[in-house]
Amino acid sequence: MKLITTTDALAAFCKPLADAEFVTVDTEFMRERTYWPKLCLAQVAGPDDAAAIDALAEGIDLSPLDELMANPRVLKVFHAARQDLEIFYLRMNRVPHPLFDTQVAAMVCGHGEAASYESLATKLAKARIDKSSRFTDWSRRPLSERQITYALSDVTHLRVVYEKLRRQLEKSGRLPWIAEEMAVLNDPATYRADPDLAWRKLRPRGASPRVLAILKEVAAWRERTAQRIDIPRQRLLRDEQLLEITSHAPTTVEELAMTRGLGRGFAEGWQGRELLEAIEKARKLPDSELPTREKPPEQIRAPSAVVDLLRTLLRVKAEQAGVAARLVASADELDKLAAGKRDVHVLSGWRHEIFGRDALDLIDGRLALALDGEHAKLMPVTPAKGD
């Protein structure tokens, strides 16, 4: 058990890792009572050593850890990396790079649609994870030995998982696929919360452009305020309250206080004042600056028989390739393909090789599906003479 609580100890731990080929990384955080995730513990393992880093230790400076995460020569290995990367992005204003996500790699290697860390640790590292500390309060101190042991198991077994998955990828020639799949995780936009776009997640029915303007301002106010005082947006103002305020567009404290469940204290306080100012700002917007609702997505008329055939083909090809079908193509993409759309992700890169080429051949009549006992098989179609 190794727990780091001082800057000097952290610097000493991170220094040799700057020359490591890879490190495995995990975090423990809390955000039930805050807007921003609160980093409580960071776990890092190199080839020969592992440590849990107490991010809440008094006086600790996490700069050595940030430098390691930013080191372009060291591969950072995570499992289901999205939330962990958000924490580092918010700390560093950059995404750790380069990255490797073992959950994505497991899908490429045929270990299921969304393999858990526990299942991979059991299968590949022959390890049994003690789950008793999974839902612990990581912000409380002191941490127990059981908590630290559990936290470290998330990175020590990950070393073996990564190494075995990488060997599988290299053997199958699929290692470049992972780099392609890391594009979303490497994009800083993945971790940014833009207050001016918050209104798009709310869906009032039949709203006029003026009502949408009020919604946009009120939703942006809630987002910025929740960020500033660091509380969950729903604790500040619930969605249903926000939509009710938007619909009635109150102009006075009395009218605002009538919002269901809001309370007069809120309406008479600084929150109520700022909220009324946001509504008034939207009222004064010229018509030329009013937002408009995004056009509804194009209704795709996909022949159901074609969709069913593509779904079967996807299952067959995914099984043959040993890759998770969900990673290859989504149901929406199958609908688009069946409807004649060709600007779909599945017709590019490795997906085209695995599935897209055969999908087009099936749609165009150059490939057929047939039964071979209980299994489906593919059969090339020979054009009739004169075709």
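**Exercise 1.** Describe the span of residues 208-289 by its end-to-end C-alpha distance and its helix and strand content.

*Solution.* Step 1: the end C-alpha atoms of residues 208-289 are 13 Å apart. Step 2: the span is 72% helix and 0% strand, where helices (H or I, at least four residues) and strands (E, at least two) are DSSP runs numbered from the N terminus. Step 3: UniProt, in an unreviewed entry, lists these residues as "domain: HRDC"; its positions are given in the numbering used here, feature names are shortened, and annotations may be inferred rather than shown by experiment.

The model is predicted: local features need pLDDT of at least 70, side-chain atom pairs count only at pLDDT 80 or more, and totals for chains, interfaces and linings use all residues. Residues are numbered from 1 along each chain as its sequence is written, and side-chain values use heavy atoms, with hydrogens and water left out.

**Exercise 2.** Which residues does Asp-54 contact, leaving aside its neighbours within four places in sequence?

*Solution.* Step 2: its relative accessible area is 6%, and buried means under 20% (1.4 Å probe, protein chains only), so Asp-54 is buried. Step 3: with contact taken as heavy atoms within 4.5 Å, the list is Leu-3, Ile-4, Thr-5, Cys-40, Leu-41, Ile-60 and Arg-141. Step 4: a polar atom of the Asp-54 side chain lies 3.0 Å from the backbone nitrogen of Leu-56.

**Exercise 3.** Classify the ring pair Trp-177 and Trp-350.

*Solution.* Step 1: rings of Phe, Tyr and Trp (its six-membered ring) pair if their centres lie within 6.5 Å; planes under 30 degrees apart count as stacked, over 60 as edge-to-face and the rest as tilted. Step 2: this rule gives eight aromatic pairs. Step 3: for Trp-177 and Trp-350 the centres are 4.2 Å apart and the planes at 10 degrees, so the pair is stacked. Step 4: the pair links distant parts of the chain, 173 residues apart, with Trp-177 in helix H7 (residues 175-181) and Trp-350 in helix H18 (residues 349-363). Step 5: both Trp-177 and Trp-350 are buried.

**Exercise 4.** How much area do domain 1 and domain 3 bury between them?

*Solution.* Step 1: an automatic or database domain assignment gives domain 1 (2-190), domain 2 (195-289) and domain 3 (304-380). Step 2: twelve residues of domain 1 contact eleven residues of domain 3. Step 3: buried area is the accessible area (1.4 Å probe) that two parts lose on being put together, summed over both. Step 4: domain 1 and domain 3 bury about 1000 Å², 53% of it on carbon and sulfur atoms.

How values were computed:
Buried < 20%, exposed > 50% of the residue type's maximum accessible area, 1.4 Å probe, protein only. Polar contact = N/O pair within 3.5 Å; in protein donor to acceptor, adjacent residues only side chain to side chain.
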